[in-house]
Amino acid sequence: MPASLLSVEKLSIALPLNSALKTVVSDLSFDVNTAEILAIVGESGSGKSMTAKALMGLLPDGAKTSGSAQFQGVNILAQTDKERQLTRGTGIGMIFQEPMSALNPVLTIGLQMTEALIVHGLANQREADRKAVEMLDRVGIPSPQSRLGQYPHEFSGGMRQRVMIAMTMLLEPDLIIADEPTTALDVTVQAQILDLLTGLVEETNIGLLLITHDMGVVAETADRVLVMKHGKGVEEAPVRELFANPKAAYTKALLAAVPRLDADIAGPQERADADAPILEVGNLKKSFSKKNGFWRSHATTRALNNVSLSVRQGETLAIVGESGSGKSTLARAITRLLTVDSGNVMVNGQDFLSLKGEALREARSDIQMIFQDPYSSLDPRFRIGRAIEEPIRIHKKIGSSQTRQQVSALLEQVGLSPDMAERYPHEFSGGQRQRIAISRALACSPKILVADEPTSALDVSIQAQVLDLLLRLKKELDLTMLFISHDLAVVGKISDRVAVMRGGQILELGPTAQILHHPQHPYTIALLSAAPKPDPEKSQKLRVELPLLKDAGPLQELQPGHWVAT
Amino acid sequence: MLSFLAGRLTMGFLTIFVTTILVTLLIHLVPGDPVQIMYAQSQGTTPEQMEEVRKSLGLDKSIPVQYAMFIGRLLEGDLGNTIRGGQPVLDVILQRLPNTLVLAVAAMAIAILIGVPIGFFAAYKQGTIWDVTLMITAIAGISMPHFWLGLILLFYFAVDLGWLPVSGGGPLNLVLPALTLGLSNAAIFARLTRSSMIDVLSQDFVQTAIAKGLPKKLVLRRHVLRAGLIPIITMMGLQFAFMMGGAIVVENIFSWNGVGRMAVEAIFQRDYPIIQGFILTFAVVVVFVSIMLDAVYAFIDPRIRRSQT
C-alpha cells in the first residue's frame with residue numbers, strides 16, 4: 001500500500017464574481033501517493049486549474065475554500081499565509097503552463113533559481129549556485145555553468161520549461177503540481193519534457209499531480225486518472241482501466257472525441273474532375289528580418305523557402321508543422337494577408353498575387369480564411385449578424401431583406417439558430433464562435449477555405465463537432481480546403497492529402513494514409529513518434545531522434561502522389 | 001545595445017535638424033511683417049531704422065539663404081544677438097538655463113519620489129478603498145492647472161504662514177516652484193506606476209515567485225518592482241519634456257529666473273532671436289534627456305542590453 005502524500009477531501013472552491021460567490025469546484029476528493037503520477041483531466045471550466053491553485057494557495061483574493069487537504073499530516077487549506085509560505089516550494093512545487101511568461105524577464109536564471117534556496121535557508125549563494133548548475137545539467141540544459149548569468153529570453157520555450165522544472169526540483173519538494181506543463185510546447189518538445197518529468201518521479205520518488213486536457217498526455221504519463229467536469233470528480237481509476245473500460249458516460253464521450261492516429265483513414269475521393277487544380281502555389285519565398293537598430297536589419301528568418309503545391313477542386317490538403325515551420329505564413333501568403341518576396345499563387349488559373357483594386361476584391365471572395373482564435377477573430381462590438389452580413393454586402397450587392405435571409409441560412413448551415421444574429425460575440429462559447437467564424441467565411445460563397453488551426457483553441461469534444469461540421473460543409477458545398485494544423489491526429493480525420501513542413505520547406509507530401517501510416521521522411525517519423533497516443537497499452541517511451549534542421553533538397557516522388565524531400 | 005543607442009542618437013539629431021528648420025520659418029509663420037509688428041508699440045521708429053533691423057536679422061534675403069545663414073552661425077555657436085540690448089543670445093540662455101534645469105530636476109525628483117510609491121501601493125491594494133482614494137486624488141492632481149496650484153501654495157506657505165520666500169533665487173526659493181511642478185506630475189507618475197504594476201502583478205512569473213515560497217515583500221521588491229519600473233523609465237523622458245513646458249508657467253508665477261521666464265518676456269517683446277534660441281535649446285535638452293533615459297532603459301532591460309551587436 002503506497003503512502004498517501006496528499007489527501008484532498010471534499011474540497012470546494014468558490015470565486016468572487018460580481019459581488020457574489022460562484023462555486024467552481026465542489027466536493028472533490030482524491031489522493032496523491034509518493035512515486036506516483038495522478039493526472040487530473042478535464043475540459044475548460046472543469047475546475048482543474050483552480051484545484052491546483054487552491055493547493056498552492058494562489059487563489060485570487062476573496063476566494064473561499066472548504067474541505068481539507070492533508071499534506072504530510074497537515075491541513076494546508078487551514079494554514080496561515082506565513083505558514084504556507086514556508087512549505088511552498090519545499091513541500092509542494094509548481095510548474096506552470098506558459099514557460100514564456102513564468103520566468104521573470106528582467107532577472108537572471110541564476111538568481112531566479114537560487115533565491116528560494118537562500119530564502120528557505122537551504123544553502124548559501126555559492127552552494128546554491130553549484131546546486132543550480134547540477135540541476136540544470138540533470139534536466140538536460142547544455143553547458144549549464146554558463147547559463148546562470150543568462151536571462152529567460154536567451155532560452156527557447158522547451159529550454160525554459162526545463163529551467164522551470166529544474167527550479168522547482170532544486171527545492172526538493174515531495175509533491176509537484178504541473179498545470180498543463182506541455183500545452184504551450186511543440187509535440188517533439190512536449191515528448192522530451194514528459195519523459196523528463198516521468199523520469200524524475202521514478203528517480204526521486206516524489207508525487208506528481210499532472211493537470212491536463214490532453215488524453216494522449218494522460219495515457220503516456222499517468223498512473224491514475226481523475227476525470228473532472230464542471231467542478232466535480234466524474235471518475236477515478238488507474239490509467240489502463242480508465243482507457244480500457246471507462247465507466248462514466250462523460251469519460252466515454254471524452255475518449256470517443258479524441259482523434260486517433262491509428263484510426264481508419266478514408267481514402268481520397270475519386271472524382272471525374274480530379275485533375276483540375278483550383279489552387280496552385282509556385283516557389284513561394286518569404287523572409288522576415290528582425291529589425292535591430294535603426295538602419296541595419298539582422299537575423300533574417302526564411303519563413304517560406306521555395307514552397308510549391310497544388311490543390312484539386314473539392315480536396316482537403318493539410319499543412320502540418322511545428323511552430324516556426326512556416327505553415328501559418330503559407331496560409332497568409334496564399335490569402336494575400338501578407339506580401340511574399342517571390343513566387344506565385346494561381347486561383348482558378350488566375351494569377352492571384354498580381355491582381356489589384358476591384359479585381360483583387362472580387363477574387364478575394366473566392367478564397368476565405370478561418371482563424372485559430374475565435375475570441376479575437378470576431379469584432380466584439382459587432383452583432384454577429386452584422387459580422388456575417390458584411391462580406392455579403394461587399395461582394396454580392398443584394399437587397400437588405402435578401403441579405404438577412406442569407407445570414408439566417410448561413411447560421412442554420414453551421415448549426416446555430418437564426419435569431420442569434422442579434423447577439424454579440426461574448427454571449428457565445430468558443431465552439432459557437434468558431435461556427436460563427438465559419439459562417440462568416442462562407443458568406444461570400446468561397447471556393448477555397450483556408451483554415452489556420454481552426455480547432456486548436458477548442459476543447460476536444462467541441463473540436464470533434466467543429467471538424468464534423470467542416471467535413472459536412474465541404475461535401476455539401478464542394479469546398480476546397482487548406483487545413484493548417486500542428487496535430488497529426490486531427491489531420492488524419494479531415495484531410496485527403498498532407499504536406500509536412502519544417503523550416504519553411506515542405507519535407508513530405510502525400511495521401512493522408514501514406515503519411516500517417518507509412519511516413520518516409522525522418523522528420524515525419526519523429527513527429528509521429530512524439531505525438532502522444534491516447535492509449536496506455538500502446539504508449540511507447542522509445543522516441544525517434546529529431547533530425548537536424550537543414551536545407552532540404554527537391555521533392556522526389558517515391559510512389560504515385562507521395563513526395564519526399566531528399 | 002550599441003546599435004540601439006546609435007539608432008536613438010540618429011533620431012535625436014534628426015529631431016534637432018527639423019527643429020532648426022521650424023525655428024527659421026518661425027518669424028514668417030506670424031502673419032504680417034515681423035519687423036513692423038515688432039515696433040508696433042514704439043512710435044518713434046523710422047522706416048530706415050526698421051530696414052536696418054530687417055537687414056540685421058537677414059530678413060531681406062530669401063528663406064533658403066536665411067536658413068543657410070542660420071545653420072552657418074549655429075555651427076559656430078552663434079545664435080545671434082538679442083534685439084533689446086544686443087547681447088549674444090547664447091550667453092543669455094546659458095546664463096539662465098541652469099536655473100530651469102535645477103527646477104525641472106527637483107520637480108522630477110519630487111514627482112518620482114511621491115508618485116511611484118503611491119502608484120505601487122495603490123496597485124498592491126488594487127480595488128480597495130486605499131486604491132480608490134489615492135487614484136481620485138491623483139486625478140484631481142492631474143486636473144489642477146500649474147498656475148492655480150502655484151498660487152495656492154504661494155498664498156498659503158509664503159504669504160499666510162511666511163515660511164518660504166515669495167520670490168527670488170536662493171535655495172529656499174526653489175521649494176515652492178519645484179513642489180508646484182512636482183506635485184501634478186507626481187499624480188501622473190502615480191497613475192502610470194499603478195497600471196504598470198497591476199500589469200506585472202497579474203503576470204505568471206509573480207505566481208512562480210510566490211509558488212517558490214518567497215516572502216511577499218521579496219516578491220514585490222525583486223520581481224514586481226523591477227519589471228514594473230521599466231515602462232515608467234521610458235515615460236520619464238516624455239514626462240521631462242512636459243515638465244520643461246510646465247516650468248515656463250511656474251517660473252513666471254514665482255519669478256524664478258530661468259529660460260521660461262526669459263522666453264515669455266521675449267515673446268512679449270517680439271525678440272525673435274531669443275525665441276528661436278529658446279526653442280532650439282529646449283529641443284536639445286529634451287532630446288538629450290530622452291536619449292539618456294533610453295540608455296538607462298536599455299541597460300535595465302536585459303532583452304535590449306543583451307541583444308547582439
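Among contacts in chain B between residues at least 6 apart in sequence, 74% join residues at least 24 apart, two residues being in contact if their C-beta atoms, placed from the backbone, lie within 7 Å. The model is predicted, with local features needing pLDDT of at least 70 and side-chain atom pairs counting only at pLDDT 80 or more, while totals for chains, interfaces and linings use all residues. Residues are numbered from 1 along each chain as its sequence is written, and chains are lettered from A in the order in which they are written.

Chain B holds 13 helices and zero strands, where helices (H or I, at least four residues) and strands (E, at least two) are DSSP runs numbered from the N terminus. Of its 309 residues, 36% count as buried, that is, with 20 or more other C-beta atoms within 10 Å of their own.

| Pair | Angle | Axis distance |
|---|---|---|
| α5(B) (residues 89–124) and α12(B) (residues 272–300) | about 50 degrees | 10 Å |

That angle makes α5(B) oblique to α12(B), since angles under 35 degrees count as roughly parallel, over 145 as roughly antiparallel, 65 to 115 as roughly perpendicular and the rest as oblique. In this contact Val89(B), Leu90(B), Val92(B), Ile93(B) and Leu97(B) of α5(B) meet Pro273(B), Ile274(B), Gly277(B), Phe278(B) and Thr281(B) of α12(B).

Between the chains, 27 residues of chain A are in contact with 26 residues of chain B. On the chain A side, α2 (81–87) and α3 (109–119) are the elements that give two or more residues, and the largest share, three residues, comes from α3(A).

Definitions and conventions:
Axes are lines fitted to C-alpha atoms, for helices over the stretch in contact, and angles run from 0 to 180 degrees between N-to-C directions. A residue is buried if 20 or more other C-beta atoms lie within 10 Å of its own, exposed if 12 or fewer, and partly exposed in between; C-beta atoms are placed from the backbone.
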